[in-house]
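These are my notebook entries on one structure, written down in the order in which I looked things up. I start with the whole chain and then go on to single places in it.

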Amino acid sequence: MKKMLQDFKAFIAKGNVVDMAIGVVMGAAFTAIVNSMVSDLITPLIGIVLGQIDLSGYTVELMGATFGVGNFVNAVISFLIISLVLFFIVKGVSALQNAGHHGETDEEPTASNEEVLLGEIRDLLRQNGTIQANNTADTTPNKKATINR
């Protein structure tokens, strides 16, 4: 039991668990903002343009069962509106984050492991006199090094 409590404490203390919990709480708060934006701002604007549309009364009866088709269509429309609003919010936040970064990086591009190893092999072969230094500046793949035998 003591081991389980220690494992649980280590699990909870991990940064990613705490970050996830904060994200869930922030997501719940943000959901209220987005829902209010859609129901209080976007939907009335659509109602002005298209007229007040209420599909919730449309139902289909089949063999004694009532299907609320209108409620489903309202839910789909609401989902699409919320998705569109979130898309624009994410695009706006992303544009603000990238406003100062126009493809500039502070770091020099580094050579891959393969390039480093190939350079070391070339240098070792050159030290041993196995290859001549006449093609060292041109690194195109079609050129072959000259091997002295």
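The entries below record what I looked up in this structure.

**Entry 1: what I am working with.** I note that this is a predicted model, in which local features need pLDDT of at least 70 and side-chain atom pairs count only at pLDDT 80 or more, while totals for chains, interfaces and linings use all residues. Residues are numbered from 1 along each chain as its sequence is written, and side-chain values use heavy atoms, with hydrogens and water left out.

**Entry 2: the whole chain.** I looked up the elements and found 4 helices and 2 strands in the protein chain, where helices (H or I, at least four residues) and strands (E, at least two) are DSSP runs numbered from the N terminus. Read from the N terminus on, their order is α-α-β-β-α-α. Of the 149 residues in the protein chain, 7% are buried; I keep in mind that buried means under 20% relative accessible area, exposed means over 50%, and partly exposed lies in between (1.4 Å probe, protein chains only). The accessible surface of the chain is about 12900 Å², and carbon and sulfur atoms account for 65% of that; such areas come from the Shrake-Rupley method with a 1.4 Å probe, and for residues only the protein chains shown count as cover. I also looked at contacts (heavy atoms within 4.5 Å): among those between residues at least 6 apart in sequence, 25% join residues at least 24 apart.

**Entry 3: helix H3.** How far apart are the end C-alpha atoms of H3? They are 42 Å apart, which agrees with the 42 Å that its 29 residues should span at 1.5 Å a residue, because the expected span is 1.5 Å times one less than the number of residues. Within H3, I found that Gly70, Ile81 and Val85 are buried. Leu86 also has its place in this helix, and at 31% relative accessibility Leu86 counts as partly exposed. Leaving out residues up to four places away in sequence, Leu86 touches Phe30 and Val34. Leu86 and Val34 are 52 residues apart in sequence, yet their C-alpha atoms are 7.6 Å apart in space.

**Entry 4: a nonpolar patch.** I then looked up a nonpolar patch on the surface, with about 1100 Å² of accessible area together, whose members include Val60, Leu62, Met63, Phe67 and Phe72. Patches are made of residues with over 30% relative accessible area and no salt bridge, with like charges joined within 9 Å and nonpolar side chains (Val, Leu, Ile, Met, Phe, Trp, Tyr) joined within 5 Å. The elements that give two or more residues to this patch are strand E1 (60-62) and helix H3 (69-97). Which element gives the most to the nonpolar patch? I found that H3 does, with 7 residues. Phe72, a patch member, sits in helix H3 and is exposed, with a relative accessible area of 58%.

**Entry 5: Met63.** Met63 also belongs to the patch, and its place is in the loop between E1 and strand E2 (65-67). With 82% relative accessibility, Met63 counts as exposed. I wrote down that Met63 has a positive phi of about 50° although it is not a glycine. For background, most residues other than glycine have a negative phi.

**Entry 6: salt bridges.** How many salt bridges does the structure hold? I found 3, taking a salt bridge as a side-chain nitrogen of Lys or Arg within 4 Å of a carboxyl oxygen of Asp or Glu.

In one of them the side chains of Asp7 and Lys3 meet at 3.2 Å, N to O. Both residues lie in helix H1 (residues 2-13), 4 residues apart, which is about one turn of the helix. Asp7 is partly exposed at 40% relative accessibility, whereas Lys3 is exposed at 54%.

Asp123 forms a salt bridge with Arg122, with the closest N and O atoms 3.2 Å apart, and a salt bridge with Arg126, where the closest N and O atoms are 3.8 Å apart. Asp123 and Arg126 both lie in helix H4 (residues 113-127), 3 residues apart, about one turn of the helix. I noted Asp123 as partly exposed at 33%, Arg122 as partly exposed at 34%, and Arg126 as partly exposed at 29%.
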